[in-house]
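This briefing concerns selected residues of one protein model. Please consult the sequence and the structure shown below while reading the points that follow.

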Amino acid sequence: MGFKKQFIILLEKAFVDFETAKLVFREIEKGNSKLDIWIVFFHLQQSVEKALKALLSYKNVHILKTHDIGILLFNLEKINVAFPFDTDELKFLSFFAVEERYGAILEKIDEPEKFLFLVEKVLKYIKEVLQ
């Protein structure tokens with residue numbers, strides 16, 4: 001049995017969370033009222049968090065125990081890792097992190113398609129960097 005590096009495992013798990021978000025979103029669009037859009041955003045947050053931690057791990061940077069996407073992006077900036085597109089909107093996803101889910105109640109969550117697209121861009125970019 002081969003040993004997988006931490007960044008590979010984190011990126012694989014990021015893709016699983018992303019696929020879960022897409023699957024739940026498709027079900028919601030089909031009218032499944034037993035599902036909630038919060039689940040989609042939770043898995044998008046988890047996907048981005050794991051992908052950013054994979055990139056930090058790949059760069060041999062200690063991974064902080066945080067779910068705050070802004071902090072993870074800041075730590076990447078500190079080591080001169082920049083994305084070729086704007087990532088500021090990703091910080092919004094931190095509201096859906098494990099400890100924040102129940103503390104932050106948002107009346108309306110808009111634009112899941114926008115976030116699905118943005119997270120997919122992040123995952124593809126990080127996958128390219130790690131290869």
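Asn80 is exposed, because its relative accessible area of 71% lies in the range over 50% that defines this class. The model is a predicted one.

**Asn80**
- Asn80 is placed in the loop between H3 and H4.
- The phi angle of Asn80 is near 65°; this is a positive value in a residue other than glycine.

**Asn60**
- The loop between helix H2 (37-58) and helix H3 (69-78) holds Asn60.
- For Asn60, phi is near 60°, again a positive value in a residue that is not glycine.
- Asn60 has a relative accessible area of 71% and is therefore classed as exposed, the cut-off being over 50%.

**Leu116: position and burial**
- Leu116 belongs to helix H4, which comprises residues 112-130.
- The relative accessibility of Leu116 is 10%, so this residue counts as buried under the 20% limit.

**Leu116: surroundings**
- Beyond its neighbours within four places in sequence, Leu116 is in contact with Phe18, Ala21, Lys22, Phe25 and Leu44.

Conventions. Residues numbered from 1 in each chain as written. Predicted model: local features only at pLDDT ≥ 70, side-chain atom pairs only at ≥ 80, totals over all residues. Heavy atoms only, no water. Helix = DSSP H or I, 4+ residues; strand = E, 2+ residues; numbered from the N terminus. Buried < 20%, exposed > 50% of the residue type's maximum accessible area, 1.4 Å probe, protein only. Contact = heavy atoms within 4.5 Å.
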